[in-house]
Amino acid sequence: MHAIQITETGGPEVLRYAEVPAPTPSEDEVLVDVTVAGVNYIDTYYREGIYNAQTPFIPGFEGTGRVVHDPKGEIAEGSLVAWHHAFGSYAEQVCVPRNGLVAVPDDFPTEIAASMLLQGMTAHFLSHGVYELGKGATCLITAGAGGVGQLLTQMASSLGATVYTVVSTDEKEEISYKCGADHVFRYSDGLGEQVRRFNGGRGVDVVYDGVGQSTFFESLEAVRPRGTVALFGAASGPVEPIDPQLLNKHGSIFLTRPSLGAWTAQEGEFQMRAQAVVQAVMDGDLKFNVSASYPLEEAEQAHRDLQSRSTTGSIVLRVKQD
Ligand code: NDP
């Protein structure tokens with residue numbers, strides 16, 4: 001089969017289109033033909049070697065496609081499914097853990113099915129779990145026009161929270177307002193100062209920071225005393241270790257570094273979050289913006305675009321015609 005293979009970690013150029021052996025599913029897995037694969041920031045961390053995988057490896061975690069073979073015979077051949085955690089998804093075939101499969105209705109838009117779970121469930125656990133937003137709550141979201149950012153803004157807004165976002169361009173500002181942001185800021189002006197200007201000097205209840213290195217200390221400035229900073233990613237690079245006294249200085253604030261893995265680990269939690277996302281899409285309450293799709297061979301360009309901040313919403317790789 002064809003796949004994107006990484007033989008040594010590095011820049012986008014290490015993503016090579018290659019002919020590789022098809023994988024064989026274990027008893028706990030199901031083999032699927034991939035139609036479309038989701039592209040996520042975490043894929044760049046593996047490509048760069050920030051997260052470790054043994055080389056050679058096929059990157060990617062997320063996608064949609066049709067079941068080819070279930071060793072246990074429980075899932076019918078041809079069933080349309082989506083997943084968010086099958087390492088090696090930038091390929092024509094991948095083995096998906098049986099308990100990580102979500103059934104997809106036949107009329108569901110394919111590119112949305114390929115990119116809804118990882119970013120959608122992340123937005124869900126951040127807004128419904130890490131800090132339970134509701135009427136009267138205030139939050140700040142970094143990269144408001146990004147994949148997670150657009151979904152988190154919509155969820156926060158529909159829960160009744162006042163939503164502040166930060167973006168880098170006019171185009172992204174417009175997108176973020178369309179998602180329901182109440183005020184959209186730019187990075188350059190000091191996030192703490194901007195937030196306080198709008199909310200009576202108080203600071204927000206929670207900052208959702210997926211940008212990391214370049215915004216982290218500003219996030220600490222923007223949160224209210226005893227509020228929460230959820231550092232959920234590192235698009236600008238990882239944050240250096242900090243002195244815990246800093247949390248005291250900002251008013252006994254809570255700092256968490258949450259992951260989707262931990263927030264879907266409890267009994268029934270993965271299905272609950274996945275169903276919430278699928279249902280919200282079907283009801284028209286959650287709009288996905290798949291802003292770019294590339295043929296599998298052009299994974300390199302997809303990563304270049306994602307890391308140069310030129311994308312908005314989600315991006316995907318077209319693998320096979322369904
Ligand atoms: P995005 O679509 O949000 O892309 C990243 C965005 O970050 C860019 O568009 C850009 O928006 C902003 N950014 C700011 N500084 C930089 C920089 N120096 N280089 C690149 N981008 C920068 O990506 P995703 O939606 O895929 O992911 C968003 C974050 O969420 C990532 O950090 C990812 O790791 C994290 N994540 C965490 C999960 C978890 O379980 N903890 C699960 C899923 C995602 P702008 O130009 O407006 O600043």
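Student: How do the axes of helix 3 and helix 9 cross?
Tutor: This is a predicted model. In it, the two axes come within 9 Å and cross at roughly 105°. Helix 9 covers residues 269-282.

Student: What does that make them, parallel or perpendicular?
Tutor: Roughly perpendicular to each other. Angles of 65 to 115 degrees count that way, so helix 3 and helix 9 qualify.

Student: Which residues meet there?
Tutor: From helix 3, Leu117, Gly120, Met121, His124 and Phe125. Helix 9 answers with Phe270, Met272, Arg273, Ala274, Ala276 and Val277.

Student: And by class, what is in that contact of helix 3 with helix 9?
Tutor: Eight nonpolar residues, two polar and one charged.

Student: Now helix 1 and helix 10. What is the crossing angle of their axes?
Tutor: Roughly 110°, with the axes coming within 10 Å. Helix 1 and helix 10 are therefore roughly perpendicular to each other.

Student: Which residues make the contact?
Tutor: Helix 1 supplies Tyr41, Asp43, Thr44, Arg47 and Glu48. On the helix 10 side, they are His303, Leu306 and Gln307.

Student: How many of those are charged?
Tutor: Three. The contact of helix 1 with helix 10 also has three polar and two nonpolar residues.

Student: Switching to the ligand. Which residues come nearest?
Tutor: Tyr45, Ser168, Lys172, Tyr187 and Gly210. They belong to a set of 29 residues around the ligand.

Student: How does that shell divide by class?
Tutor: It has 14 nonpolar residues, twelve polar and three charged.

Student: What about polar backbone atoms? Where is the one 2.9 Å from a ligand nitrogen?
Tutor: In Phe232. Ala235 has one too: a polar backbone atom there is 3.3 Å from a nitrogen atom of the ligand.

Student: Which side chain has a polar atom 2.9 Å from an oxygen atom of the ligand?
Tutor: That is Arg309.

Student: How much of the ligand's accessible area does the protein cover?
Tutor: 91% of the 900 Å² that the ligand has on its own.

Student: Which elements give two or more residues to the shell?
Tutor: Helix 1 (41-48), helix 3 (117-130), helix 4 (147-158) and helix 10 (299-307).

Student: Which one gives the most?
Tutor: Helix 3, with three residues.

Student: Where is Pro56 found?
Tutor: In the loop between helix 1 and strand 4, which spans 62-69.

Student: And Ser252, is its phi positive or negative?
Tutor: Positive, about 55°, although Ser252 is not a glycine.

Student: Where does Ser252 lie?
Tutor: In a loop as well. Helix 8 (245-249) is on one side and strand 13 (254-256) on the other.

How values were computed: Residues are numbered from 1 along each chain as its sequence is written. This is a predicted model: local features need pLDDT of at least 70, side-chain atom pairs count only at pLDDT 80 or more; totals for chains, interfaces and linings use all residues. Side-chain values use heavy atoms; hydrogens and water are left out. A residue is near a molecule or strand if one of its heavy atoms lies within 4 Å of it. A polar contact is a pair of N or O atoms within 3.5 Å; within protein, one must be able to donate a hydrogen and the other to accept it, and residues adjacent in sequence count only if both atoms are side-chain atoms. Accessible areas come from the Shrake-Rupley method with a 1.4 Å probe; for residues, only the protein chains shown count as cover. Helices (H or I, at least four residues) and strands (E, at least two) are DSSP runs, numbered from the N terminus. Ala, Val, Leu, Ile, Met, Phe, Trp, Tyr, Cys and Pro count as nonpolar, Asp, Glu, Lys and Arg as charged, and the others, Gly among them, as polar. Axes are lines fitted to C-alpha atoms, for helices over the stretch in contact, and angles run from 0 to 180 degrees between N-to-C directions. Angles under 35 degrees count as roughly parallel, over 145 as roughly antiparallel, 65 to 115 as roughly perpendicular and the rest as oblique. Contact means heavy atoms within 4.5 Å.
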